[in-house]
Amino acid sequence: MKKQQFIVVGGGVVLLAALLLFGNMTPPVKTKAGAIASIPSEAFDIQTVIKGATANLTESQQTYVNGLSEAVVRGDVKEQKIRNFRQLASFWSDSARAFIPFAYYTAEAAKLENSEKSLTFAARILLDNLRGVDQPGLKSWLASESKELFEKAIVLNPTSDSLQVGLGSTYIFGASAENPQAVMQGIQKILEVSRKDSTNLYAQKMLGIGGIVSGQYDKAVERLEKVVQAEPHDLEVLLMLAEGYERKGDKAKATEWYQHAAEHIQNPALKAELEKRIQQLK
């Protein structure tokens, strides 16, 4: 089953790229007018968010969602709850297009099913959207949920390198600015995989992005260049590589990689934004 890909990555033009290219769903609650209502970061509560999102649905949609939610509470059969959670996740994804409720119900279904596949799928959805989030409460929720899911998957498959990389990434992208130790803890977890298998591109990619997050730009661009050699069409890597060089102060290299990224973009608005960024670097 292919769900719409939800990705948010950090940093200026990279964040814009994610929004335009991957059409990520709105994490905050949608208002009836289509505007975005922000979530108070100091007291994030998932049930409050879901109730707020539900209140802005049409009457028939509310009836449908409330019926499924009540069935979950009443149900005492695990398979029934899993089915209801998946139906709720599908509704919030396809009909309401609201990311947070979709992610929550996907995660809850995965926890009940407790298979490596479902746990990993849910964990990566949360992790992919964790990058670039700046609301502390939402960031903490995404990180803790993703971490729990990866940990449950690792119990089922303790030798999986990709799961270890995913778990380490939750530390990197879930850490607050006041807790750089968590970033380093996550990097160390991924380094264990990288030292064992230097060809693991997922590890190299996350270490590269993590290096940009932690300000280790020299090592970050070195890793990302290795990844892009093997995966030259990975737009996220191209943009992060360009941003890494820009943060290093190497405008020529940043321009070069932004131009490479532009070659892979069809979206006129994003192409225009990249061109503007390139002109600013000259």
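A: Start with helix axes. Axes are lines fitted to C-alpha atoms, for helices over the stretch in contact, and angles run from 0 to 180 degrees between N-to-C directions. Helices (H or I, at least four residues) and strands (E, at least two) are DSSP runs, numbered from the N terminus. This is a predicted model: local features need pLDDT of at least 70, side-chain atom pairs count only at pLDDT 80 or more, and totals for chains, interfaces and linings use all residues. Residues are numbered from 1 along each chain as its sequence is written, and side-chain values use heavy atoms, without hydrogens and water.

Q: At what angle do the axes of α6 and α7 cross?

A: Helix α6 (residues 116-130) and α7 cross at roughly 155°, and their axes come within 8 Å. Therefore α6 is roughly antiparallel to α7. The cut-offs: under 35 degrees is roughly parallel, over 145 roughly antiparallel, 65 to 115 roughly perpendicular, and the rest oblique.

Q: How do α7 and α8 pack?

A: The angle between α7 and helix α8 (residues 161-174) is about 165°, with axes 9 Å apart. So α7 is roughly antiparallel to α8.

Q: What about handedness?

A: A crossing is left-handed if the near helix is turned anticlockwise from the far one by less than a right angle, and right-handed if clockwise. The crossing of α6 and α7 is left-handed. α7 also passes α8 in a left-handed crossing.

Q: How do I read aromatic pairs?

A: Rings of Phe, Tyr and Trp (its six-membered ring) pair if their centres lie within 6.5 Å; planes under 30 degrees apart are stacked, over 60 edge-to-face, and the rest tilted. The count here is six aromatic pairs. Phe44 and Trp141 form a tilted one, 5.5 Å centre to centre with 40° between the planes. This pair links distant parts of the chain: Phe44 sits in the loop between β2 (36-37) and α2 (46-55), Trp141 in helix α7 (residues 136-156), 97 residues apart. Ring pairs also link Tyr64, Phe91 and Trp92 into a cluster.

Q: Are Phe44 and Trp141 buried or exposed?

A: Both Phe44 and Trp141 are buried. Buried means under 20% relative accessible area, exposed over 50%, partly exposed in between (1.4 Å probe, protein chains only).

Q: Which residues have the most contacts inside the largest nonpolar core?

A: A nonpolar core is a set of buried Ala, Val, Leu, Ile, Met, Phe, Trp, Tyr and Cys residues joined through side-chain atoms within 4.5 Å. The largest has 82 residues, and Trp92 and Trp141 have the most contacts inside it. Helix α5 (residues 99-113) gives the most to this core, with nine residues.
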